[in-house]
Amino acid sequence: MAQLIDGKAIAADIRLDLKSKVEQHLASGARPPALSVVLVGDDPASGIYVNFKEKACKQIGMKTETHRLPKETSESELVSLIDQLNNDPEVDGILVQLPLPKQIDKLRIIGRISPIKDVDGLGAKNQGLLSLGLAGHRPCTPLGVMKLLETTGIDLSGKQAAVIGRSILVGSPMVRLLGHANATVTNIHSRTTNARALAREADIIVAAAGVPELVKKDWVKPEAVLIDVGIHRNEGGKLVGDLAFDEVEPIASHITPVPGGVGPMTIAMLLSNCIQAYEWRITGDHPYLVY
Ligand code: NAD
């Protein structure tokens, strides 16, 4: 039986640490760190995610405000709001909730966010710094996965890893982070012809394809470490991931549950990036001055 990686508990510990960091800043007379969230349109799932993020910020003593814009918002209107938030000295982090309505170019909006305030780490500057292995904001979900792997105590150096998915949000930055930890990484994606055989060679699988229960027993090497990024509701209304959990759990050494695995870490890493952005801004000492 695999050891369960309890993302909920690990994220709760990280949030407590961040809360005491904020308290220390406030005790020294500084203002609280602040995150501005931008939500365009009325996608119900996005609304729920934004509420979670707001609540998590407040719980650790951060300030947060959400700009709710109608789904007809034009790209130039959104650019103006981003510019206003970039120039606001009281705003440390800016998060634009995805997806955006189709009249808006997502990469243009993300690219408009000042790199130091790009707490999702999705802009070209931060993704470039990640590629080079230099300090910068890392995308929250893959960063959370790295923290989960750290808690297993497994040395990633020289290990074979398979990342399933290559989005800018999860798969691609995940490949880079594992590579920087000296794993040998295979990136499996929708055009890969021998996904099962490649996955089966891996000591670590990170499943982020967005396909319910894609990874079956015959994809998994015995004693592999399995990280499930996917989250879906199946026909029976149950939450499932990209791993066929019941099949793969008995042969893995460690596994994340859905829910309670990667999801809570994504929010914890967002908070962590916000505090980082705040500290970089108040000290004036940050990587964007150099690179
Ligand atoms: P995406 O749709 O942008 O990317 C999916 C990737 O998977 C693509 O690169 C595609 O090439 C690959 N893919 C699709 N079908 C495949 C297949 N059959 N075999 C191999 N590769 C395949 O999705 P995303 O934003 O990267 O998110 C992936 C999943 O993770 C989704 O289920 C999403 O809901 C979930 N997610 C969870 C969290 C969290 O905090 N738990 C955060 C972000 C995303």
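Trainee: Which strand gives the largest share of the lining of the largest cavity?

Mentor: One thing before we start: this is a predicted model. Strand S4, residues 93–96, gives the largest share, with three residues of that lining. A search of the whole structure turns up one cavity of 30 Å³ or more, and the volume of the largest cavity is about 50 Å³.

Trainee: Now the open space. What is the volume of the largest pocket, and which residues are closest to its centre?

Mentor: A cavity is a space the probe cannot get out of, whereas a pocket is open. The largest pocket holds about 1600 Å³ of space. It has 50 lining residues, and Tyr49, Phe52, Ile231, Gly263 and Thr266 are the closest to the centre.

Trainee: Which elements supply the lining of that pocket?

Mentor: Helices H1 (7–27), H2 (44–59), H6 (140–152) and H10 each supply at least two residues, and so do strands S4 and S9 (232–233). H2 makes the largest share, nine residues. By type, the pocket lining has 29 nonpolar, 11 polar and 10 charged residues.

Trainee: What distances do serine 190, valine 229 and threonine 266 show to the ligand?

Mentor: Serine 190 has a backbone N or O atom 3.1 Å from a ligand oxygen atom. Valine 229 also uses a backbone N or O atom, 3.4 Å from a nitrogen atom of the ligand. For threonine 266 it's a polar side-chain atom, 2.7 Å from a ligand oxygen atom. As for cover, the ligand taken alone exposes 860 Å², and the protein buries 69% of that.

Trainee: Let's turn to the sheet. In what order do the strands run, and is the pairing parallel or antiparallel?

Mentor: Six of them form an open sheet, ordered S1-S11-S8-S7-S5-S6, with parallel pairing. Strands S1 (3–4) and S6 (184–188) are the edges, each pairing on one side only. Inside the sheet, S5 (residues 160–164) and S7 (residues 204–207) pair over four bridges. For a landmark, alanine 162 has isoleucine 205 in S7 as its bridge partner.

Trainee: Where are the cis peptide bonds, and which residues have a positive phi although they are not glycine?

Mentor: Most residues other than glycine have a negative phi, and most peptide bonds are trans. In this model, a cis bond joins leucine 98 to proline 99, with omega about 0°. Proline 99 sits in the loop between S4 and helix H4 (106–112). Another cis bond, also with omega about 0°, joins valine 258 and proline 259. Proline 259 is in the loop between strand S11 (254–255) and helix H10 (262–283).

For phi, look at asparagine 182, at about 70°, in the loop between helix H7 (171–180) and S6. Glutamate 223 has a phi of about 75° and lies in the loop between S7 and strand S8 (225–228).

Conventions. Residues are numbered from 1 along each chain as its sequence is written. This is a predicted model: local features need pLDDT of at least 70, side-chain atom pairs count only at pLDDT 80 or more; totals for chains, interfaces and linings use all residues. Side-chain values use heavy atoms; hydrogens and water are left out. On a 1 Å grid over the protein atoms alone, a cavity is a set of points where a 1.4 Å probe fits but cannot get out, and a pocket is an open set with protein on both sides within 12 Å along at least five of seven lines; lining residues have an atom within 4 Å of a point. Grid points are joined across faces, edges and corners, and a volume is the space filled by probe spheres set on the points. A polar contact is a pair of N or O atoms within 3.5 Å; within protein, one must be able to donate a hydrogen and the other to accept it, and residues adjacent in sequence count only if both atoms are side-chain atoms. Accessible areas come from the Shrake-Rupley method with a 1.4 Å probe; for residues, only the protein chains shown count as cover. Two strands pair if DSSP finds at least two bridges between them. Ala, Val, Leu, Ile, Met, Phe, Trp, Tyr, Cys and Pro count as nonpolar, Asp, Glu, Lys and Arg as charged, and the others, Gly among them, as polar.
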